[in-house]
Amino acid sequence: MPVSYDADALAALADRQVSWQDKALPPAFWGRTVADVLADKPRLSQLPTPLLTLSEPGLRHNVDTLARWCANHGVELAPHGKTTMAPALWAMQLAAGSWAITLANGFQLGVARAYGVSRVLIANAVVSPLQLRWIADELAADPTFEVLVWADSVRTVELMEAARSAHVGPGARPLDVLVEVGGLDGRTGARDAETALAVGEAIAEASTLRLAGVAGYEGAIGHGVDEAELETVRAYLRDLGGIHTQLRKRGLYDADVVPVVSAGGSQYFDDVARVLAPLGEDGARVVLRSGAYITHDDGMYRRVSPLGESPRTDGDRLVSAMHGWVRITSQPEPGLAIFDAGRRDLPFDQDLPEPQLVRPRSDGAPVPAADGMTVTKLNDQHGFLRFDGDPVVIGDELRVGLSHPCTAFDKWGLIPVVDDPDAADPVVVDLVRTFF
């Protein structure tokens with residue numbers, strides 16, 4: 001069945017009042033609904049700094065680009081919703097044809113259920129009896145709801161089976177489980193074929209579980225994009241596909257199951273399709289779980305994405321659809337300016353922000369590039385900008401490029417979406433609510 005979501009619950013977000021808890025908006029907007037704020041078509045100049053914004057054309061370009069790429073390469077897409085934790089953005093991805101939304105834990109699944117997402121892949125093991133019982137109740141209450149979880153050990157399977165068998169009757173819908181395949185020095189996942197096959201057999205033998213396929217995360221295996229690293233990733237993916245083939249040969253899949261074979265973050269999705277898509281010819285459903293592609297970035301993913309600055313596959317390039325906006329508050333010494341954003345506002349775990357442009361100081365003035373400027377350090381609430389000459393003064397506002405979407409969204413509960421991030425004073429066309 002096609003995946004669905006609760007459009008009415010999403011629409012109700014527009015009726016929420018904004019308040020002092022929404023640091024992206026000024027006091028003049030507090031007490032008004034999101035719909036009322038947007039009706040006035042506010043400009044970027046009406047919002048305080050520091051600020052994170054999203055680009056409407058950039059988001060749509062990226063969502064359409066990867067949806068088209070997946071269709072052309074014979075794979076499905078279940079984008080990792082933990083990147084944004086924004087149901088409005090999940091809806092955009094689902095409307096573009098995504099097969100499911102991927103999440104990481106029970107809390108995130110709760111957000112998805114609150115907004116009616118009907119098919120969720122949890123890219124993790126669920127061993128908490130409380131969460132397993134809740135998931136069982138959700139499956140019983142809603143026959144359209146589907147959820148798939150992972151297991152990388154027989155012990156995990158035993159814990160799931162024990163929690164569920166004490167809670168559900170013999171006629172209950174089974175919980176679909178994927179065998180997680182890992183690799184040496186990786187993260188989770190069975191480290192060898194013998195373990196993975198034992199996990200598959202344990203799932204198939206359990207009375208309240210159903211073997212639904214295999215999955216893994218090649219981003220924990222590869223650490224670069226040179227040919228040696230790419231071959232390491234491909235070898236891992238061949239092993240993952242091989243586990244699925246052996247499970248099928250052993251007859252461990254139920255006759256009515258379309259096995260899922262899933263991998264693919266935002267760094268190696270081209271190789272995932274190259275290695276695993278042929279399994280679709282034998283009846284498997286090959287599913288990518290890329291998440292960061294929706295905004296791409298001006299750092300890590302710009303460098304390593306197959307559709308980044310050095311593309312490794314066909315298709316349109318992804319574009320950065322998220323930006324930070326900061327204001328110079330101090331110039332304590334020559335060549336140094338301090339701005340009003342820090343680690344609590346902008347991502348910093350992969351790369352520091354990249355100065356891109358300076359907002360015009362007067363109406364009608366051109367938008368100058370932030371040439372010769374470098375962000376060298378972030379404190380909690382301050383950033384350090386180094387430069388030659390005197391290109392900025394106190395009060396200037398800069399746009400900065402950001403790296404790693406997964407640690408950008410979690411700092412903002414409400415994110416303005418602008419019509420053109422390159423404009424002198426962009427129009428705010430949406431406000432996206434996140435749930436972290």
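Is Asp-380 buried, exposed or partly exposed? With a relative accessible area of 39%, Asp-380 comes out as partly exposed, where buried is under 20%, exposed is over 50% and partly exposed is in between (1.4 Å probe, protein chains only). The model here is a predicted one, so local features need pLDDT of at least 70 and side-chain atom pairs count only at pLDDT 80 or more, while totals for chains, interfaces and linings use all residues. Residues are numbered from 1 along each chain as its sequence is written, and side-chain values use heavy atoms, with hydrogens and water left out.

Salt bridges come next. A salt bridge is taken as a side-chain nitrogen of Lys or Arg within 4 Å of a carboxyl oxygen of Asp or Glu, and the structure has 30 of them. One of these joins the side chains of Asp-22 and Arg-433, at 2.7 Å from N to O. Asp-22 sits in the loop between α1 (7-11) and α2 (34-39) and Arg-433 in strand β17 (residues 428-433), so this pair ties together parts that are 411 residues apart in sequence; helices (H or I, at least four residues) and strands (E, at least two) are DSSP runs, numbered from the N terminus. Asp-22 counts as buried at 5% relative accessibility, and Arg-433 is buried too, with a relative accessible area of 12%.

Glu-397 and Arg-327 make another salt bridge, with their closest N and O atoms 3.4 Å apart. Here the link runs between distant parts of the chain, from Glu-397 in strand β15 (residues 397-401) to Arg-327 in strand β10 (residues 322-333), 70 residues apart. Glu-397 counts as buried at 8% relative accessibility, whereas Arg-327 is partly exposed at 27%.

Back to Asp-380: its salt-bridge partner is Arg-344, and the closest N and O atoms are 3.5 Å apart. This pair also links distant parts of the chain, with Arg-344 in the loop between β11 (336-339) and β12 (354-358) and Asp-380 in the loop between β13 (373-378) and β14 (383-387), 36 residues apart. Elsewhere, salt bridges that share partners join Glu-227, Glu-231, Arg-234, Arg-238, Asp-271 and Arg-274 into one network.

On to the rings. A pair of aromatic rings is described by the distance of the centres and the angle of the planes. With rings of Phe, Tyr and Trp (its six-membered ring) pairing if their centres lie within 6.5 Å, and planes under 30 degrees apart called stacked, over 60 edge-to-face and the rest tilted, a search of the whole structure turns up two aromatic pairs. Trp-69 and Phe-269 form an edge-to-face pair, 5.0 Å centre to centre with 75° between the planes. Trp-69 belongs to helix α3 (residues 56-72) and Phe-269 to helix α10 (residues 269-276), so to speak distant parts of the chain, 200 residues apart. Trp-69 counts as buried at 3% relative accessibility, and Phe-269 does at 0%. Tyr-115 and Phe-435 have ring centres 5.7 Å apart and planes at 45°, so that pair is tilted. Tyr-115 lies in the loop between α5 (106-114) and β4, and Phe-435 in the segment after β17, so the pair ties together parts that are 320 residues apart in sequence. Tyr-115 is buried at 9%, and Phe-435 counts as buried at 17%.

Charges sit over rings as well, which requires NZ of Lys or CZ of Arg within 6 Å of the ring centre and within 35 degrees of the ring normal. Lys-23 lies over the face of Trp-412, at 4.1 Å from the ring centre, and Lys-377 over the face of Phe-384, at 4.4 Å.

Helix α7 (residues 154-165) gives a quick geometry check. Its twelve residues, at 1.5 Å a residue, should span 16 Å, and the end C-alpha atoms are 16 Å apart, which agrees; the expected span is 1.5 Å times one less than the number of residues. Thr-156, Val-157, Met-160, Glu-161, Ala-163 and Arg-164 are buried in α7. Down the axis, these buried residues fall within an arc of 165°, so they line one face of the helix, the arc being that of the directions from the helix axis to the C-beta atoms. They pack against β4 (119-125), α6 (129-141), β5 (146-151), β6 (175-180), α8 (193-205) and β7 (209-215), with contact meaning heavy atoms within 4.5 Å.
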